[in-house]
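The sequence and structure come first.

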Amino acid sequence: MEQVYVKLELIGFRIGRRLAERFAPPNRRLTDTLDIVKFVCKDIWMVMFNRQIDNLKTNHRGIYVLQDNKFKWFLRMSGNNGGAAAARRAQPYIWLPCGIIRGVLDSFGVNTVVIAETLGLPQCTFQIKVVNDA
Amino acid sequence: MSSTYYFAIVGTNDSPLYETELGVQRDESKYLNQFIVHAALDLVDDAQFMSTACYLKTVDRYNDWNVSAYVTPSNIRLMLLHEAKADDAIRLFFTDCHELYLKTLLNPFYEPNTPIQSQAFDVKVNTLAKKYLF
Amino acid sequence: MVVVYTIYIFDRHCECIFYTEWNRGRSPLSAERSAAAATVGGRSDGSKEPANTAHAVDGTGTHLSGDSQRPLVWPTTANSTANRVSLESPRNIAMEEEAKLVYGVAFSTRNIINKLNSKDGPQGGNPGGFMSFATNTYRLHYYESPTGVKFILTTDIAAVSMQPVLEMIYRNIYVEYVVKNPLFNVDPHTSSPIENDYFRAVLNNYIREISSTTTVA
Amino acid sequence: MIHALFIINRSGGLIYSKNFTQQVAQLSSNEALIFAGTFHGIHALASRISPAPKRDSVKDTGIQSIDTKNFRIHCYQTPTGIKFIAVTDLLQTKLSGALNKAYTLYCDYALKNPFYNLEMPIRSEMFDTKLHQLVQSH
Amino acid sequence: MEKQYKAIGEEAWKNNAEKINAELFIFTYGSLVVQLVKDYENYSAVNKQLDKMGYNIGVRMVDDMMARTSLERCTGFSATAEVIAKVGFKLFLNVIPTVANWSADAKEFSLILDDNPLNDFCELPPKAVADGLRYSNVLCGVIRGALEMMQMQTEVEYVRDVLCGDDVSEIRVKLLRMLDEEVPASDD
């Protein structure tokens with residue numbers, strides 16, 4: 001099963017790199033990582049989901065947590081007896097958006113690892129960890 | 001408006017993605033032009049820190065050549081060797097070329113940051129040159 | 001004021017994938033619930049929260065529908081007739097029988113109407129336009145989606161036509177919350193019960209809403 | 001306006017069927033038999049699946065009417081179990097009166113006809129013409 | 001009769017169809033195909049995968065289309081062709097292919113696509129063209145899946161493709177047989 005997730009993330013990565021180039025602010029270049037993450041939370045999320053990330057937290061040492069309380073692709077996902085079981089079943093669907101975020105950051109030259117988890121549908125939280133290569 | 005230009009697109013790792021001679025052929029060999037562009041890249045990096053704008057105008061001079069540069073959000077560099085000063089025309093030329101580069105991204109089989117082989121791209125660059133530079 | 005008793009949904013494989021009831025008296029489901037409640041610790045006050053029998057038919061902790069009286073639902077993956085998880089998982093035979101009967105009546109009625117409507121016309125689907133039948137005690141309403149999903153609603157005899165209601169349930173509740181739920185029935189060739197909190201909550205609220213307003217003309 | 005009439009005996013056998021207009025398909029004898037048998041079945045099953053609370057101890061007596069987009073089917077079952085089924089247009093809401101009259105015609109021209117044995121198809125000229133008049137008057 | 005379907009498609013697209021960014025749609029589909037090309041050794045395997053994916057989309061999408069347009073089940077194969085072209089394609093891709101090349105027995109027709117948002121700007125690598133990659137093969141699967149839900153078993157495939165140098169793209173739809181309705185398992 002693992003292999004499929006890697007492939008989904010790769011597809012997302014390829015999408016992210018093109019989204020960044022296409023929807024980057026036309027007249028100025030983003031250089032500061034926080035600016036780039038904000039670009040993801042506002043512009044990229046707007047293009048993809050017609051809404052923005054609900055809240056962004058960071059420890060200013062390379063970790064960013066993006067929380068989307070109504071993740072669009074989860075909006076119709078539902079199981080029986082509450083969201084916990086469904087949340088587990090939604091796991092495969094988070095790899096593509098993780099890849100997209102990593103792709104966007106990569107095209108600005110920021111190397112990252114992106115993972116996500118969902119405590120209860122339709123909420124979804126993405127965690128970006130900047131990997132500063134030597 | 002003198003009628004000789006050399007236009008090149010340089011990838012993030014300084015590898016050439018595309019190059020072309022525009023207008024009347026000058027006697028110098030193509031390698032000299034490549035050398036001039038390559039040498040100017042360091043100056044482009046310096047210019048990038050000074051401003052977050054994409055269009056960096058003229059960053060270098062070599063004999064009677066001016067070297068102008070334009071950096072896209074994902075650090076792809078458009079370089080133009082030209083004799084006469086024509087900031088506005090060159091800016092328009094660069095922005096349209098950037099738009100053209102975005103179009104190639106729409107082709108899923110084109111990997112960003114790799115040499116652009118499509119003839120259609122070559123034809124369109126020449127039409128843009130005729131429109132703005134001649 | 002229309003009184004809605006029950007709703008059944010059958011998929012294109014003639015399997016019952018959803019059933020719930022509202023103002024119905026004794027039913028195979030409520031019988032099962034009070035029986036289950038009675039066996040656990042002798043509590044037989046028929047409390048709203050059914051005891052956690054092996055197949056807790058409806059969720060207890062769901063945050064969705066605010067009303068306390070949560071409607072009972074059948075079947076679940078555990079006891080669905082189509083692809084029962086394990087053979088000895090508890091079944092509600094009476095419920096299965098009833099669902100088969102209800103389907104049989106509706107299916108046969110639709111077929112004779114198709115025949116009467118045009119002998120050599122297509123007999124599949126609902127070209128004859130079967131809408132409802134009435135006995136002296138209740139009215140059964142029928143709607144079949146173009147893709148063969150059948151919705152059967154029973155009400156008191158007062159209700160005239162519930163076609164708009166059933167169409168609304170298909171278009172805006174079933175398609176929206178079931179078809180668009182990526183976790184539901186990935187393979188169209190097999191049947192799987194609708195186990196979907198959103199669907200149940202929205203359907204439940206909608207039925208309560210139309211039962212309190214005047215009859216749907 | 002009555003499009004067609006069927007009479008079914010206690011065990012679901014077809015004892016009479018007639019089309020009065022072209023609005024409804026003219027069933028072959030075999031198709032009419034199947035129609036009668038099926039109708040008899042669903043009529044009985046319908047009462048078994050009644051969800052109405054049994055508070056007022058009213059017994060469910062089976063299907064009385066079926067609504068479709070193009071026509072309506074009325075069913076009147078006599079205490080002796082004989083079903084009179086009329087297929088009418090949608091404007092016809094109440095029809096028990098007419099079906100009741102048909103029942104009296106059945107009594108007069110079938111039951112009272114010594115050559116008619118029960119449960120068998122009715123082959124009586126007079127019954128036909130009387131029935132026709134009844135249908136025209138609706 | 002055609003006018004009516006055109007109006008239905010128009011109205012459905014305008015009023016109750018949530019739109020997404022066209023380029024996002026092109027990027028997403030493109031990245032998916034490129035990944036498939038990497039995973040499967042030959043292009044016909046990729047075509048098969050795209051068709052299967054389309055089928056799984058089609059079996060759901062048809063309900064969505066029916067819900068948005070209050071259309072009933074089509075009465076004939078020619079009406080079906082019109083609905084696919086003027087309502088289905090319009091609602092989901094905002095293009096209307098022309099229905100053409102009906103076979104004598106009216107059991108086959110073609111959809112001529114002179115505009116397909118899926119493969120705008122796409123240039124296939126020469127090897128893909130040579131080995132017959134059908135880049136937008138997902139569309140064939142979608143049509144096949146949707147029609148199966150309408151009790152029609154069909155064979156749907158690309159016969160001409162602009163990406164392979166043809167002047168226009170053509171999808172051929174063949175009705176194999178009408179599927180009869182499933183009856184309850186028990187005999188009653």
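## A helix of chain E

In this predicted model, helix H1 of chain E runs over residues 2–15, and its 14 residues reach 20 Å from the first C-alpha to the last, close to the 20 Å expected at 1.5 Å a residue. Its buried residues are E:Tyr5, E:Ile8, E:Gly9 and E:Ala12; seen down the axis of H1(E), they fall within an arc of 95°, so they line one face of the helix. An α-helix has 3.6 residues a turn, so residues three or four places apart point the same way.

The cover over the buried residues of H1(E) includes helix H3 (43–69) and helix H4 (77–93) of chain E, whereas on the other side of H1(E) the residues E:Lys3, E:Ala7, E:Lys14 and E:Asn15 are exposed.

## Where chains C and D meet

Six pairs of chains touch, and among these pairs the most contacts are between chains C and D. In this pair, 33 residues of chain D are in contact with 31 residues of chain C. Helix H1 (29–48) and strand E3 (63–68) of chain D each supply at least two residues of the side that touches chain C, and the largest share, 10 residues, comes from H1(D).

Strand E4 of chain C, residues 130–135, pairs with E3(D) in the antiparallel sense over five bridges, and C:Thr135 has D:Ile63 as its bridge partner in E3(D).

## Chains that stay apart

Chain B does not touch chain C, their nearest C-alpha atoms being 26 Å apart, and chain B does not touch chain D, where the corresponding separation is 51 Å.

Key: Residues are numbered from 1 along each chain as its sequence is written. Chains are lettered from A and ligands numbered from 1 in the order in which they are written. This is a predicted model: local features need pLDDT of at least 70, side-chain atom pairs count only at pLDDT 80 or more; totals for chains, interfaces and linings use all residues. Two residues are in contact if their C-beta atoms, placed from the backbone, lie within 7 Å. Helices (H or I, at least four residues) and strands (E, at least two) are DSSP runs, numbered from the N terminus. Two strands pair if DSSP finds at least two bridges between them. The expected span of a helix is 1.5 Å times one less than its number of residues. A residue is buried if 20 or more other C-beta atoms lie within 10 Å of its own, exposed if 12 or fewer, and partly exposed in between; C-beta atoms are placed from the backbone. The arc is that of the directions from the helix axis to the C-beta atoms.
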